[in-house]
Amino acid sequence: MIYCIWYPSGGFGHFVNAIISLYGKNFAKADHGELIFSATGNSHQYALAAPKYLHDPDDYDFDFDQNKNYTVLIDNGINNQTDRFKSFFPEATTIKICYSDHSWPIVAKTMIEKAMAVSLESQVDLDSTRWTDRDPWVYRERYFLFLRDHALRLAWKPNGTDIHLHVDDLLDYCQFRSKIQTLIEIDSFENDWYAWHVANKKYIDPILVADGVIKSIQTQRSLPLDTITDVWTQAVIYYYIWLQYNFEVPHNDYSEWFTNTTDIVKMLKHHKIIT
């Protein structure tokens, strides 16, 4: 059986491929070593048992061992969701890696820093006619607008035909393994999952922090925020507030970062968003 891992750039396709290849029953392996993560959190050094289907090639030729299961990475880039690859693998099961509004900030950053290998700042333009200074609140606003308005936020959704593995599923080991087990008999891989989580902490933590802020607002239990100095994380919190309440924090009015969630609750009450 062939399993096509169809994924967006920065969508952890290599990691999913490695886990299934290493721990799935009767899967072909080209690499019997440890799963090692780079400084940016990727696992591209793990050798593939079958060549990657890259950028919609005109042909694909590989001699699959009929007695083994295989994973094949489908990497057409995040801007290309066409499924022409299926004509080369007509009997394969396709696992499409998707992301939700809530996990989009992870992919947004990995897409830039991992797949494109450039800095976030270089891809988020600060229009001098709109932003005349470079204070932290300016970047916070621009990052928020990037998250909210980027066309790719609405991309890579379930299509109703393929098996779907959400980036959200990867964040919890038990949920991730359970999802894989619906398709494949697979051994425990918790140590490698934990190593992946640690290696990708800079991408994952902002949404975990933002989720905690939303829960604190909902329960109106004060949570300190003055230790959150990373502007991207602050922007993700603004984005989560927008997702939850359909409300954009007035950036000029709140140019100083909040000291705790009580201040956010007061702001939302002031604007009659909550009571």
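1. A residue counts as buried under 20% relative accessible area, as exposed over 50%, and as partly exposed in between. Met-116, with a relative accessible area of 41%, is therefore partly exposed. The model under discussion is predicted. Met-116 belongs to the loop between α2 (104-115) and α3 (120-123). Its C-alpha atom is 39 Å from that of Thr-219, the two residues being 103 apart in sequence.

2. Helix α1 (residues 13-23) is mostly covered, with 10 of its 11 residues buried. Among these buried residues are Phe-15, Val-16, Ile-19, Ile-20 and Leu-22, together with the polar His-14 and Asn-17. Ala-28 is placed in the loop between α1 and β2, and it counts as buried at 11% relative accessibility. Between the C-alpha atoms of Ala-28 and Ala-47 the separation is 11 Å, for residues 19 apart along the chain.

3. The disulfide count is 0. For Cys-4, the closest cysteine sulfur is that of Cys-98, and at 15 Å it is too far for a bond, because a disulfide requires sulfur atoms within 2.5 Å. Cys-4 is buried, its relative accessible area being 0%, whereas Cys-174 counts as exposed at 58%.

4. Asp-58, Asp-59, Asp-61, Asp-63 and Asp-65 form a negative surface patch. Of this group, Asp-63 is found in the loop between β2 (53-54) and β3 (70-75). With a relative accessible area of 70%, Asp-63 is exposed.

5. The whole structure contains 11 salt bridges. One of them joins Arg-153 and Asp-101, with an N to O distance of 2.9 Å. This pair links distant parts of the chain, 52 residues apart: Arg-153 is in the loop between α4 (136-149) and β5 (163-166), and Asp-101 in the loop between β4 (93-98) and α2. Arg-153 is buried at 11%, while Asp-101 is partly exposed at 25% relative accessibility.

6. Another salt bridge pairs Arg-148 with Glu-248, whose closest N and O atoms are 2.8 Å apart. Here too distant parts of the chain are linked: Arg-148 lies in helix α4 and Glu-248 in the loop between α9 (231-245) and α10 (261-270), 100 residues away. Arg-148 counts as buried at 19% relative accessibility, and Glu-248 as partly exposed at 28%. Elsewhere, salt bridges with shared partners connect Asp-83, Lys-86 and Asp-162 in one network.

Methods: Residues are numbered from 1 along each chain as its sequence is written. This is a predicted model: local features need pLDDT of at least 70, side-chain atom pairs count only at pLDDT 80 or more; totals for chains, interfaces and linings use all residues. Side-chain values use heavy atoms; hydrogens and water are left out. Patches are made of residues with over 30% relative accessible area and no salt bridge: like charges are joined within 9 Å, nonpolar side chains (Val, Leu, Ile, Met, Phe, Trp, Tyr) within 5 Å. Accessible areas come from the Shrake-Rupley method with a 1.4 Å probe; for residues, only the protein chains shown count as cover. A salt bridge is a side-chain nitrogen of Lys or Arg within 4 Å of a carboxyl oxygen of Asp or Glu. Lys and Arg count as positive and Asp and Glu as negative; His and the chain ends are not counted. The place of a charge is taken as NZ of Lys, CZ of Arg, CG of Asp or CD of Glu. Helices (H or I, at least four residues) and strands (E, at least two) are DSSP runs, numbered from the N terminus. Buried means under 20% relative accessible area, exposed over 50%, partly exposed in between (1.4 Å probe, protein chains only).
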